[in-house]
Amino acid sequence: MSKTKIEDINRNIYDIKNKDEYEFKIEKGLTPDIIKEISKQKDEPDWMRDFRLKALEVYNKLDLPTWGPDISELNMNDIATYVKPKSKLNSSWDDVPEDIKNTFDKLGIPEAEKESLAGVGAQYDSEVVYHSMKEELIKQGVIYTDMETAVRKYPGIVKEHFMKCVPIYDHKFVALHGAVWSGGSFVYVPEGVKVDIPLQSYFRLNSPEAGQFEHTLIIVNEGASLHFIEGCSAPKYNKVNLHAGCVELYVKDNAHLRYSTIENWSKNMLNLNTKKALVGKNASMEWVSGSFGSKVSMLYPMSILNGEGAKTEFTGISFAGKGQNLDNGFKVVHNAPNTSSVVNSKSISKDGGKCTYRALTRINEQAKKSKGMVSCESLMLDDISISDTIPVNDVRTDDAEFSHEAKIGKISDKAIFYLMSRGMSEEDAKAMIVRGFAYPISKELPVEYAVEMNNLINLELEGAIG
Amino acid sequence: MNNNLLEIKDLYVNAEEKEILKGMNLKINKGEIHVIMGPNGSGKSTTANAILNNPSYKKTNGTITFEGEDITNSKTDEIARKGIFMSFQLPEEIPGVSVTNFLKYAKNKVTGKPVKIFEFKNELKKYMEELNMNPSYMERSLNVGFSGGEKKKNEILQLLVLNPKLAILDETDSGLDVDAIKTVSKGIEMFKNKKNAVLIITHNTKILSNLKPDYVHVLVDGKIVKTGDYKLAKEIEENGYSKYRN
């Protein structure tokens, strides 16, 4: 069979770069003085400033991870950590500056909002510049704001939860995040409130050498429910870019949270994002995750099932093209009886791209009658691409069920011939097979995001080669 | 007026380094039903795959023309778009692609025209009813978890929707019960008209009791050794192929 070329995802609409216009840009490199300046600039309370300084200390003490993909090219001194856009927080689209608006326009944010979205918190560089929320949610007592505002307006709640789920000692990049975090979303859903429309935040990077360290803190109280969607894409630059965001999710007893995300970084980005959820009694936590773009990705969302009957489900897909190394997976710890976890992970690699599924399932001794189920499937589109599975399964009680299933395969010539015999070109046939492979994930996403994912794997793949 | 659709001349084909077809000749005109019968390994499926130019089968000699055009080395999808359809012996499973979406896409590719979804779904429903297929299959992943019979009916559904000029049915009747064979025959009758043609590849005659072939060819060791009418099929049913083997 002749060799087929499936083009890279068309990144034109994601790689829009604005003029480097910033009113304030911090010096390169990290010192306590810089951290203090960040804190001062944000007009933060002393406790947050002290927290940042503590995190910097931890950061300086910890070593880089010795496992996983090579990230030695990373030079922290080269990365400006804080870039403040020209505009202040706006509540109306009309107030957003023109060039920023153009970028967002091309990403379709206002259209998306017009649809069924309850609120948009779009982060431009390091600060949220656009934010709106439907009246209804405010009436129900739902708080949805940017993280900086939350620190000032809701210090009690923030102090109680901020980096308690993901402690700064977890690893070096979390410590770094604690020191320099900027922007991100804060959501607080009061007891029993069911938010029936998904909340969405959209952020992207737009500065050479700027790292992005947004912090997402979501608290879904007892019996409440929420679907939160986070998406990111970044314009392309030549220098190494680092993304070390942090997501902390608190799912209290009987609560439900679905957290959907599409990470779509430019091909020079190191994506070292940390995400964790604490799940209470009879609560459920669902992750839907699409990982695209970036040069290196180390992404392992984690659910800790602390309450009896807690459930978690992870549905994720990674797509690695030329020069990409996506080391993704999911971690779950069963800490209570009758807890359950279901993992469905898929990966696609082509043009020498590498996808690794690295995961942990731990069922602790007290987690009697718990169930864990992992299924991962990889599809390689050619002979030079790489796919790997590194699961760690640690079951510490006999009274639990665990299953793990892994399938690694190459796109089938017979299937391609079958589709070609129905009039589709070889490229169309491959695209259809890839679309079908990804469908179990795309169907979990709301329409707007399924469309973005379609832009990434379906339509763009098809368009680029059709 | 030239009625010729397909013409195979002196065709030699290798599959997995082994010579399977050894000087095959075949001519099919509009309005005709042809049957190729032959024992296992005689080259029946190789003939079908060679016509569609499956890259796993290598042609070493000979030509295939369709409506006077040389398609010996054309790509499979181009051949399909010219109007040749093959019903697979073992249809592939494509997870995550629904029967509706697949067929809508295929129809668009084959006709080169946009497909109107409402009309298309009605057409699909109508054909599925005729083929005794459960309408819920429309939204199911293509062939995934289908029984053998359902897969074959789904092939005939595709035949009806794509409406080619030449339909090649590769062992479509194999492994089917009497009722399923009747349904499949009914589908072929619905398809058949004076302007198109059918090539049935089979190793038994059950399907032929419902369809009236114009020509029956006996394929042994990569060559057509005998051509006749319907009576030849009957004769083979009674006596087998031993008479035609060397």
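This is a predicted model: local features need pLDDT of at least 70, side-chain atom pairs count only at pLDDT 80 or more; totals for chains, interfaces and linings use all residues.

1. Chain B as a whole. I get 7 helices and 12 strands for chain B. Its radius of gyration is 18 Å, close to the 18 Å that the globule rule gives for 246 residues, so chain B is as compact as a globular protein of that length. The C-alpha trace of chain B spans about 55 × 40 × 35 Å along its principal axes.

2. Packing in chain B. Of the 246 residues in chain B, 41% are buried. If you take the contacts in chain B with a separation of 6 or more, 72% of them are between residues 24 or more positions apart.

3. A sheet to look at. In chain B, 4 strands make an open sheet, in the order 2-1-4-5, with antiparallel pairing. The edges are strand 2 (18–29) and strand 5 (69–70) of chain B; each has a single partner strand, so one side of each has no neighbour in the sheet.

4. Strand 4 (residues 57–66) of chain B is joined to strand 5 of chain B by 2 bridges, and the two run antiparallel. B:Phe66 has B:Glu69, in strand 5 of chain B, as its bridge partner.

5. Where the chains meet. Here 18 residues of chain A contact 21 residues of chain B. On the chain A side, helix 9 (413–420) and helix 10 (426–442) each supply at least two residues. Helix 10 of chain A gives the largest share, 7 residues. By type, the chain A side has 11 nonpolar, 4 polar and 3 charged residues.

Key
Residues are numbered from 1 along each chain as its sequence is written. Chains are lettered from A and ligands numbered from 1 in the order in which they are written. Two strands pair if DSSP finds at least two bridges between them. The radius of gyration is taken over C-alpha atoms; the globule rule is 2.2 Å times the number of residues to the power 0.38. A residue is buried if 20 or more other C-beta atoms lie within 10 Å of its own, exposed if 12 or fewer, and partly exposed in between; C-beta atoms are placed from the backbone. Two residues are in contact if their C-beta atoms, placed from the backbone, lie within 7 Å. Ala, Val, Leu, Ile, Met, Phe, Trp, Tyr, Cys and Pro count as nonpolar, Asp, Glu, Lys and Arg as charged, and the others, Gly among them, as polar.
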